[in-house]
Amino acid sequence: MALTVLAGALLWAALAMPAVLTGQGLAELLRLPVEVLVIVLLALALRGRALRVTAVVVGLLLGAVVLLKALNLGFHASLGRPFDALTDWSYLGPAVGVLTDWVGPGRARLITIGTGVLAAAVLVVLPLAAVRVMGALARRRRRVAKVLAALTAVWIVAALTGAAFSSGVTLASAGSSRLVWDTATRLRHDLTDRGTFARQVAADPFAAVPGDRLLTRLRGKDVLLVFVESYGRVALDDPEVAATVRPALARAGRELGAAGFSARSAYLTSPTFGGASWLAHSSVEAGLWVDSQQRYDHLLTTDRLTLARAFGKAGWRTVFDVPATTRTWLPGRSFYRFDTLYTAENVGYRGPRFGYATMPDQYTLQAFRDRELTPGHRPPVMAEIDLLSSHYPWTPPPPLLPWGSLGDGSVFGQPAGASPDLPGDRTADPRQVYAQTVAYAMRTLASFAATSNDPDLVIIAMGDHQPNSSVTRPGASHQVPAMVIAHDPALLAQVAGWGWDPGLAPASDAPVWPMSALRDRILTDFG
């Protein structure tokens, strides 16, 4: 009897388990899942072999639903969206990589193995539980039939009247069925979206524009497209985070102004949240809304004119600088067609890692400057640069060092005092450490520009997405700050025509564009 009760509790918990955290905790388990009524009805209607086979199938289906709920919970926590059963399996590898950077390779391996064993156990235990419970129900048909009638009436009344406990948990539930329906709906959307996106890729008014007519107002400029990892609007709007970030931006603005640079800023809406930065990068580069792995994978098979291709076509030397990459990144050549790719392996860094970041942002920018922005006769450079110091899991950044002292980066492993630009306890909660990393990234970028001695330098910088739910509040938008930094007053006057605010920190009512709009504005207004 005890085993039967335990099996029934497991089935109930599996059905009542939420697919999205609502903050109601164990109160979720007090709901009456409609699927319980269906299981009881099947137990009453079937006998013998048909009952046992059905029970196994029910248990396997319920196991699959539990795993789908677990994936949904993880994706909502990290990416702010549900799991896509068609394309999101490719995210599991990067997730293991982030876990390794967080807890170390040994613990990450144990957690990965343990997760696999737990998933297998779910697919074994729940069918066994379903067989036991449905068999017990079938042996007490008359009594169970009366209970079923009563529970069905309760569920219908609760569903029609919206009956709820004082905690706000609705009594009637169909969460598991709704999850399956929503998953099937997303699959159907994914299948139809392939054709929709293919038509969007093909419709490009800039594809046939000759190179000598592209980007004519940027001739002779070194143009850097910089993505600041996880720099979301929360960094400016949340008082706790902004208390660190806004003073750093103010100081960065003063340093830029003293060097003759000015800035304009606004907000962009990212197609992703909490991670999957490549979706944001490709949306900006290709001028398309790339909000799924399916769209991204398809885009890489096309000849879409990206910003990198456009600059290359117009005579710029194009560079991709991504210190997160430790091996050859094939799309960099086959799709984006960058002339040169810098990774963690070919910039001479010999210092320590800082969490996920293979090197601090300051070294990334200095290595790029040493290799690409040397004075003298050379073609102008267009580069996409990824700054990683603010990547999750957040790790306290190093102090900003004198630019001439970096060497091969080993200096970052030496004892140093706390940076005066990043106040506060570096062992604080993730929100405080996140604020420090964003402040470090923006101060470093501004210092890089101010010390460049390059009046032709133009930086178009932006966050790639909001940070995950350990920093953002429920309901956070997908908006990220964006800015243009330049020395040339005529170029800044052009950006003023966009309605962007002066300075590095946009006002709360600053313009908000989708990331996919930026390519066309650059190609139109600077071409």
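This is a predicted model: local features need pLDDT of at least 70, side-chain atom pairs count only at pLDDT 80 or more; totals for chains, interfaces and linings use all residues.

Me: OK, which residues form the nonpolar patch on the surface?
Reply: The patch is formed by Leu3, Leu6, Leu10, Val124, Val125 and Leu128, which together have about 550 Å² of accessible area.

Me: And which helices supply at least two residues of it each?
Reply: Those are helix H1, covering 2-16, and helix H5, covering 105-138.

Me: Take Leu10, then: what does it count as in terms of accessibility?
Reply: Leu10, which lies in helix H1, counts as partly exposed because its relative accessibility is 37%.

Me: Switching to packing, how do H2 and H5 cross?
Reply: The axes of helix H2 (residues 34-45) and H5 come within 8 Å of each other and cross at roughly 60°, so H2 is oblique to H5. The crossing in which H2 passes H5 is right-handed.

Me: Where is Arg142, and is it buried or exposed?
Reply: Arg142 is in helix H6, residues 141-161, and with 77% relative accessibility it counts as exposed. From Ala129, Arg142 is 13 residues away in sequence and 22 Å away in space, taken C-alpha to C-alpha.

Me: Now the charges: how many salt bridges are there?
Reply: The count comes to 17 salt bridges. One of them joins the side chains of Arg473 and Asp238, at 3.4 Å from N to O. That pair links distant parts of the chain, 235 residues apart, with Arg473 in the loop between strand E8 (457-463) and strand E9 (479-486), and Asp238 in the loop between helix H8 (234-237) and helix H9 (239-258).

Me: Is Asp238 buried or exposed?
Reply: Asp238 is buried, because its relative accessible area is 9%, and the cut-off for buried is under 20%.

Me: What about Asp303 and Arg309?
Reply: Their side chains also meet in a salt bridge, at 3.9 Å from N to O. Asp303 is exposed, with a relative accessible area of 61%, whereas Arg309 counts as buried at 10% relative accessibility.

Me: Last one, which network does Arg519 belong to?
Reply: Arg519 meets Asp520 in a salt bridge of 2.8 Å, N to O, between their side chains. Arg519 is buried, with a relative accessible area of 0%, and Asp520 is partly exposed, with 27%. Salt bridges with shared partners join Asp204, Arg304, Arg519 and Asp520 into one network.

How values were computed:
Residues are numbered from 1 along each chain as its sequence is written. Side-chain values use heavy atoms; hydrogens and water are left out. Patches are made of residues with over 30% relative accessible area and no salt bridge: like charges are joined within 9 Å, nonpolar side chains (Val, Leu, Ile, Met, Phe, Trp, Tyr) within 5 Å. Accessible areas come from the Shrake-Rupley method with a 1.4 Å probe; for residues, only the protein chains shown count as cover. A salt bridge is a side-chain nitrogen of Lys or Arg within 4 Å of a carboxyl oxygen of Asp or Glu. Helices (H or I, at least four residues) and strands (E, at least two) are DSSP runs, numbered from the N terminus. Buried means under 20% relative accessible area, exposed over 50%, partly exposed in between (1.4 Å probe, protein chains only). Axes are lines fitted to C-alpha atoms, for helices over the stretch in contact, and angles run from 0 to 180 degrees between N-to-C directions. Angles under 35 degrees count as roughly parallel, over 145 as roughly antiparallel, 65 to 115 as roughly perpendicular and the rest as oblique. A crossing is left-handed if the near helix is turned anticlockwise from the far one by less than a right angle, and right-handed if clockwise.
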